[in-house]
Every structure is written in C-alpha cells, then in structure tokens.
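I set out to record what I looked up in this structure.

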Amino acid sequence: MRRETVSKSDYLGERAIVVGGGIAGLSAARAVSDRFREVVILDRDKLPDGVIPRPGVPQGKHPHGLLAGGLKALEELFPGFGDELRKVGAVPLNRGLDLLYEIPGLDPWPRINIDHPTYALTRPLLELTVRQRVARVSNIKVRGGCRVVNIIADPGTGAATDICYYTSQGKLETLRSDLIIDASGNGSVTLEFLKASRRTLPEETCIEVNMHYSSTLLDHANIGDNYKVAYTLPDAPKDNRGGLLLPAENGTYQLVLIGRGENIPPLKESEFRTYALKLHTPTIYNAIKNAKLLSEIAPCSFKQSRWRHFAQVFDFPRGLLPIGDAICRFNPVYGQGMSSALRQACLLSELLGRSNQDLLSTLPQDFLSKAEDIVAEPWAMSAVPDFVYPDTTGVRPEGLEERLNFQKGLSRLAARDAGVFELLSDVRNLLKPLKALDDPSIVSKVESELTSELSLSSAATAA
Ligand SMILES: Cc1cc2nc3c(=O)[nH]c(=O)nc-3n(C[C@H](O)[C@H](O)[C@H](O)COP(=O)(O)OP(=O)(O)OC[C@H]3O[C@@H](n4cnc5c(N)ncnc54)[C@H](O)[C@@H]3O)c2cc1C
C-alpha cells in the first residue's frame, strides 16, 4: 500500500494517542501526524475492511449528510479526497440543483447551480474511505479491538500522560503519550479523568429535542424531475413528521423517516411505508413505492443536543484534548456533527503548524476556545429552529423570539430570491460564517418580507 509521507520533521513529541477511530478520531490523527513521531488510534471495535455498520458507531445505520463545509475540511486534511469519494461510488450533489426541499408554504425553492458540491454515500463507506486514507500516512497506526479504560496523570504535574487500555488479546496495557485526543464520541474518558484528578467539570448547554429516526437502505428510488435528494420537512410546530431520501453508492438509496416526542416512525415495513404517506407531501412515498428494502429498518432515539464548554475549565490538563461529539453532540436533523468535527481537526492542524516553543502547554486552551467558536455557529443554527416546538426544553438562545422571526422571514425570502438562497445554503453548509446573514442588505430585505407578511395577514383578518 502506498504510504503518504510526513511533511515536517520537527516533532513536538514521540507519540500522540487518539481514543476512537470515528470521523473525529481519524481526522484528528491526520491533523497531528506531522508533529508527532508516532500516532496511535485505539478503537474498541474491530474495524471492518468492508462497508458495514459497526457497534461503536450505531448511528452508522442512518443516513449521514456531508455538508460542503465538511468536504472542504476533508480536502484540507486529505488533498484529493473528493475524487476518492467519487471513485468509491459516492454520488456527487449540487446543492442548488439536486436537492428537493419541501417546506410547507415555501416550495418551490430556486433551482440554481451552486459551486462547492458535496457527495452522498453511506456513513460506513465514508468512514472506510477516510480510514484507508489514514492508513497511508506512514506514522499513524490504527488498532481495532482496543478499549481504552482510563487516562493516567503524571503524579508531579497532573498532566495527562498515559492511556490504560485492553488490547485486542484482552491484556490490560498502558501506553505513554505526549498528547491524548479523546474522540470517543461520549467523551467519558475525559470526564472521568477530570473527576479523578479533582478538576472542574465542564458546564453543559443542553436542549431536549426527543427526535426519533427509523432508517433503511433501498435498492433504488425515483424522486423525478432529475432530483437526487428529497427532504420533506414538517409543518412545524403543528406536525413533526419528516423524511430524508438520499442516494448512496451502487445505485442504492438511504431513507430516514423522522418523528419527535410521541411520534415514533415504525420499524415494520408496511407501517413504515404508511408513515411515509403521512408526510407533508407524498414525494418520498411515491419515490420508494416500488423499491425493495436492502436492510432492516433501524431505530435511533436522540433525546438531547449537548454542548460541553471545556474551554471554561480553568484547570484543564496539559496533554489532553476532546474533539468532535465528545465536545458537542448536535441534533442530527441538521447534519452538522461530522462537519463540525472535521473543522475542529483542521483547527488542530492549524494550531500545530505554529512555531511556538511550548506549544503543548498552550494547546488545550487555544484549541478548546477556538473549537467553542466552531461549535457556536452550527449550534445557533440548530438551537433556534428546535425551539419552534413550544415543548422543547433546555437553554434557550438569547433573543430567541427575534431570531425565530428573522429566520422565518429569511426562509420566505430565500424561497424567492436565488442570491439569498445561495447565501443561506453556504451558511448552512458551514462555508460562510453566520454573520454573513447580518449584512444590512439582507436584513432590510428580511424586514420588508416580514412587514409585507404582516400586512397580508392583517388584511386577511380584516376581510
Ligand atoms: C441518528 C444520527 C444521524 C446523524 N446524522 C448525521 C448527518 O447526517 N450528518 C452529520 O454530519 N452528522 C450526523 N450525525 C452525527 C455524527 O454521527 C457524529 O457527529 C459524528 O459521528 C461524530 O464523530 P465522532 O468521531 O466524534 O464520534 P463517533 O462517531 O461516535 O466515534 C466514536 C468512536 O470512539 C470509539 N470509542 C468509544 N469509546 C471508546 C473507548 N473507551 N475506547 C476505544 N474506543 C472507543 C467508538 O467505537 C467509535 O469508533 C448523526 C448522528 C446520529 C445519532
């Protein structure tokens, strides 16, 4: 197998250990590989050579949209990655031409060519492609079947220095390291370490979203009109049933039917199809009516979005960095989790590229505070619409009512104005910052939109 060469030789340390070989762990390993002589990824799962979901990533049975901003980050870490995705059979997607958004009262959306395409494929194939790419980096070792038990502190400095883990032969071993990256998804090794060393635990911002997913793989689908993706959203807050039909490799399609609270999409095929018929439009039902299911219908309940503010832990230890879902787990309906993790890996690479003498001692605070900024934008974009449902509980974003109102006006505007649609798509795909929507020209258009809506509804009431 071809080995990618390591570009820099001025190592910061002998070894970095990454706990977890999911999207965050693999990309973080690439990010640190230029600055450590050896990088070891430990994952509790035996990592498959084929395209199959694995127990450590149960969400892998559900469709995973890759935002254009996530693909951009992958390209930064692994140049040419988009071409590799194409070669393994991922389906190229033009965000402006190929996606049929169905939002009650707002369709049809403009259909325009938008730069920066992305790809659709199953999550196991995406992860396998990243893993194969990582395997070509000569100083990264990926060890499957290795469950990390805990982190050990240096008795003198309190820094995180060793990892204690079960090898694939079931032996308990310790491994010394200069940097430990917690990409375990749940972040429990970091939390346990903070507790064991009597440090402060991070505050959490949580939103109870109570989402339910039921997903399957289909042999084909036909959305019509050359659309490749159909995303049917509910008439919120009156209804909460939605569906996403997304192409995947080998001509297959991934379908997730979504519900919330008491509304749990069924797992029996006949009832699952009936649920599809109850969506706001019959588009998805019709697109799959002749399709055969290639997998069981897999359930997933997602109770809570959770953001851990590690940057505020004043005594955060040297030698340890959480990343990805270990920091923030987003409501999956917005498809942000992988892309946020990938952007954090790019941040890590950027910070490690600096020529600071004592980089490792400042790294945790630098990384965690900048990662907080990376998380803040997608969090703001998902927290606001989550509160459209009055029974959503949790930490409400500041100025919620105004933001909900602005978002309503913006969506109405984007449905008519191709330029605003493109900008909104770029922001939602994490290609442009959220503040791009605060541009005075956009704000004044949104305000006129809201005023004209108000006059129309007053006129209707008077009539
Ligand atoms: C139903 C659902 C749908 C989603 N859809 C999307 C989507 O459309 N788009 C999107 O971008 N995101 C989506 N997400 C979010 C996405 O799955 C996560 O944000 C992303 O996988 C985070 O990656 P991670 O590497 O941080 O964690 P994970 O993918 O959870 O990986 C953690 C890894 O750590 C390993 N591990 C855990 N503990 C240990 C241990 N003690 N020792 C060794 N190894 C360990 C696990 O085996 C696993 O491999 C969805 C999530 C859900 C639940």
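How many bridges join β11 to strand β18 (residues 393-394)? I found two bridges, and the two strands run antiparallel. I noted that I207 has G394 in β18 as its bridge partner.

Before going on, I recorded the basis of the entries. I number residues from 1 along each chain as its sequence is written. The model is predicted: local features need pLDDT of at least 70, side-chain atom pairs count only at pLDDT 80 or more, and totals for chains, interfaces and linings use all residues.

I take helices (H or I, at least four residues) and strands (E, at least two) as DSSP runs, numbered from the N terminus. Two strands pair if DSSP finds at least two bridges between them.

I then followed strand β11 (residues 203-218) to β15, with which β11 pairs in the antiparallel sense over eleven bridges. Here E203 has H309 in β15 as its bridge partner. I also looked up strand β14 (residues 253-260), which eight bridges join to β11, again antiparallel. S215 stands opposite V256 in β14.

I counted a residue as near if its C-beta atom, placed from the backbone, lies within 6 Å of the molecule. Of the 35 residues around the ligand, G20, G22, G56, G324 and G337 come nearest. The elements that give two or more residues to this shell are α1 (23-32), β7 (147-153), β15 (298-309) and α8 (337-352). I noted that α8 supplies the largest share, four residues.
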